[in-house]
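Trainee: I have a structure open and I would like to learn how to read it. Could you walk me through some of its features?

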There are 2 protein chains.
Amino acid sequence: MTTYSDLNITPRTLMGPGPSDVAPRVLRALAHPPVGHLDPQFVKVMDEVQELLRFIFETTNEMTIPISGTGSAGMEAAVANFIETGDPVLICINGYFGMRIAEMAERYGAEVTRIEKPWGEVFAPEDVDAALRRRSAKIVAMVHGETSTGAMQPLDGMAEVVHGHGGLLLVDTVASLGGVPVSVDRHALDIVYSGSQKALSAPPGLAPLTVSPRALEALKRRESKVANWYLDLNLLANYWGPARMYHHTAPINMNYALREALRLAQEEGLEAGFARHRANAEFLWAGLEEMGMQMHVAHEVRLPTLTTVRVPDGVDEAAVRSRLMNEFNLEIAGGLGALKGQVWRVGLMGYSSQHRNVTLFLGALREVLAG
Amino acid sequence: MTTYSDLNITPRTLMGPGPSDVAPRVLRALAHPPVGHLDPQFVKVMDEVQELLRFIFETTNEMTIPISGTGSAGMEAAVANFIETGDPVLICINGYFGMRIAEMAERYGAEVTRIEKPWGEVFAPEDVDAALRRRSAKIVAMVHGETSTGAMQPLDGMAEVVHGHGGLLLVDTVASLGGVPVSVDRHALDIVYSGSQKALSAPPGLAPLTVSPRALEALKRRESKVANWYLDLNLLANYWGPARMYHHTAPINMNYALREALRLAQEEGLEAGFARHRANAEFLWAGLEEMGMQMHVAHEVRLPTLTTVRVPDGVDEAAVRSRLMNEFNLEIAGGLGALKGQVWRVGLMGYSSQHRNVTLFLGALREVLAG
């Protein structure tokens with residue numbers, strides 16, 4: 001019989017597109033012995049996680065919960081609950097994750113209209129308005145922080161356009177929440193999800209989700225049951241709401257960890273956290289430019305949590321990543337999809353967004369490129 | 001602004017229907033800093049988790065993975081991948097979780113036929129044969145360990161009947177895997193899922209799943225895409241298989257924990273683990289009978305991991321549970337569904353299955369019932 005060693009994993013500095021490094025306090029909370037999922041002590045944790053999620057989303061939405069799965073499960077919850085067969089949906093695609101939303105929406109029977117931009121660019125409210133004039137949509141979906149491109153989609157004015165056409169605005173904030181302002185209520189976003197393992201710096205395994213009262217009304221008006229039982233918000237509302245009706249066993253320890261990660265964000269303060277992410281990103285960009293490199297995304301729409309930098313001509317991008325990993329225990333990522341081979345993706349998310357990490361990365365990259 | 005305290009949760013002894021207590025070694029593995037989901041070190045963890053899951057399922061099935069969600073996500077993966085709209089499905093219902101399978105199957109468009117038994121009884125192969133003679137089915141589903149009733153469904157001879165009619169046998173082992181033999185290959189089961197937080201004694205958040213080559217053939221013959229993208233086994237196979245194609249970010253730390261929990265099971269040995277669960281359950285049953293109480297399920301089909309004991313006449317069952325929790329930090333559960341108010345549910349799963357826990361519970365119950 002094969003025998004297996006003790007877990008023996010060399011820590012890395014995680015500067016890829018997520019997961020990011022997890023603070024020691026969060027790891028300690030994670031390892032607290034679990035109690036039952038209906039234990040009054042855990043019910044209190046659930047309440048606090050909801051309150052802290054409202055803080056980070058900047059919303060008063062009652063329906064604000066962590067979905068018991070990773071960020072992709074958050075995306076699927078957003079799609080499965082609000083789309084019925086035949087519903088017209090408009091999807092703004094400027095990277096991999098917009099494509100994924102479209103793929104999911106089609107599986108749930110949506111009539112999908114796509115508008116597209118080159119990877120690294122973003123949409124203007126006028127683009128959405130023009131598309132909705134051609135064909136209205138029940139849902140308009142876009143990605144706030146495109147992990148595949150490093151572009152940050154401006155949200156100002158989007159909801160006005162979408163609501164003006166009678167639609168709901170669905171926004172992916174997996175790579176942005178906690179690192180840059182999402183401001184769900186100020187932007188009047190309707191359906192918003194994220195992941196625990198990026199700028200929130202909890203381990204992967206939970207997907208924060210918040211839903212506006214306007215979107216909940218649409219959920220009530222559904223004619224068919226939500227196909228996806230596990231992610232059905234009607235059932236989840238009964239578990240997370242006052243009824244506390246058993247639905248599934250929440251990932252107890254992951255909720256301990258998410259609570260602690262959100263508590264850290266609250267202690268730092270939202271604005272201070274955003275300023276830290278911004279400052280470390282600017283330091284990274286300046287350092288890379290000083291080395292003669294180019295960022296893939298224009299400065300004004302560049303995501304502070306995830307940078308795409310063009311691989312210099314003649315450089316073997318995969319070999320550089322291997323050396324960073326093997327010699328420096330430092331993880332960055334290559335390009336995805338249309339940007340494969342063209343860029344490196346460098347994450348500065350949550351606990352990984354530290355000045356010293358940028359210093360280490362720039363130094364290591366300089367050494368590796370020198371040969 | 002509300003401030004939140006350090007996590008301050010009194011440990012309980014978990015003797016409900018799950019989660020069960022988690023061993024210190026597993027909690028330590030859980031708290032190991034995460035690395036990236038495509039890091040070679042994590043890829044090795046994935047391989048080892050798969051091997052250890054094959055060990056505990058007693059199978060050589062290549063497609064053996066932990067689904068990135070709780071036990072209910074395992075159920076949903078089993079249903080979503082193998083059912084297309086209009087497929088005839090036979091579901092054996094003798095408790096809450098059989099009903100849940102039927103509910104999910106209907107949401108994915110199955111034509112569901114139900115056969116039913118009173119809660120606490122089990123099905124014979126002849127029952128299934130008779131039902132399939134009336135109407136054949138693509139899938140026959142049953143629950144091996146019914147957490148709602150404490151009955152253990154015998155699996156001998158079931159696959160022969162189901163395969164004889166050209167169907168696939170789907171079995172829920174959420175409350176049984178690791179505590180009693182599931183023996184996937186010997187029983188020729190086709191689609192089997194479980195949860196991490198019961199007799200495996202990892203925290204909740206992963207759902208082991210194994211699929212036979214016969215069932216994979218059926219998956220390949222699907223005419224429509226799997227509606228559920230997050231749980232689509234075609235995509236998951238590319239991530240867990242040699243291609244290592246990115247699908248979603250696996251819950252890294254939960255996989256660390258599951259690996260360690262399975263390693264503990266391997267060190268103890270399957271037969272020794274089953275014998276421990278059996279011995280502690282027999283000790284519990286004898287103790288309860290000595291106190292004049294009756295088990296709800298006949299001895300020969302009684303689940304060692306979860307006992308339903310009839311609440312004595314005149315006893316306020318909820319008050320007893322509250323006192324066990326408040327005075328002894330000991331969690332048991334009340335009845336669910338048709339057995340609500342009639343039974344207590346006492347779990348002896350995984351790390352919670354200890355002789356000393358039974359001694360504590362019997363002593364505490366004696367004190368509480370004495371008033």
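**Reading helices, sheets and domains**

Mentor: Gladly! Let us start with two helices: H3(B) passes H4(B) in a right-handed crossing. Keep in mind that this is a predicted model.

Trainee: Which residues of H3(B) and H4(B) meet?

Mentor: From H3(B) look for B:Met75, B:Glu76 and B:Val79; they meet B:Arg100, B:Ile101, B:Met104 and B:Ala105 in H4(B). By class, the residues of this contact are 5 nonpolar, no polar and 2 charged.

Trainee: Now the sheets, please. What holds strands together in a sheet?

Mentor: Strands of a sheet pair through backbone hydrogen bonds, and the pairing is either parallel or antiparallel. In chain A, 3 strands make an open sheet in the order E11-E14-E13, with antiparallel pairing.

Trainee: Why is one side of E11 and of E13 in chain A left without a neighbour in the sheet?

Mentor: Strand E11 (306–310) and strand E13 (333–334) of chain A stand at the edges, and each has a single partner strand, so one side of each has no neighbour in the sheet.

Trainee: How many bridges join E11(A) and E14 of chain A?

Mentor: E11(A) pairs with strand E14 (residues 343–347) over 5 bridges, in the antiparallel sense. To find one on screen, pick A:Val309, whose bridge partner in E14(A) is A:Trp344.

Trainee: What is the strand order of the open sheet in chain B?

Mentor: Chain B has an open sheet of 3 strands in the order E11-E14-E13, and the pairing is antiparallel. There, B:Val309 has B:Trp344 as its bridge partner in E14(B).

Trainee: And which domains does chain A have?

Mentor: The domain assignment gives domain 1 (13–18 + 270–370) and domain 2 (24–266) in chain A. Their centres, taken over C-alpha atoms, are separated by 27 Å.

Trainee: How many residues of domain 1 of chain A are in contact with domain 2?

Mentor: 23 residues of domain 1 of chain A are in contact with 25 residues of domain 2. On the domain 1 side, the elements giving two or more residues are helix H10 (270–290) and E11 of chain A. By class, that side has 12 nonpolar, 9 polar and 2 charged residues.

How values were computed
Residues are numbered from 1 along each chain as its sequence is written. Chains are lettered from A and ligands numbered from 1 in the order in which they are written. This is a predicted model: local features need pLDDT of at least 70, side-chain atom pairs count only at pLDDT 80 or more; totals for chains, interfaces and linings use all residues. Two strands pair if DSSP finds at least two bridges between them. Helices (H or I, at least four residues) and strands (E, at least two) are DSSP runs, numbered from the N terminus. A crossing is left-handed if the near helix is turned anticlockwise from the far one by less than a right angle, and right-handed if clockwise. Two residues are in contact if their C-beta atoms, placed from the backbone, lie within 7 Å. Ala, Val, Leu, Ile, Met, Phe, Trp, Tyr, Cys and Pro count as nonpolar, Asp, Glu, Lys and Arg as charged, and the others, Gly among them, as polar. Domain bounds come from an automatic or database domain assignment.
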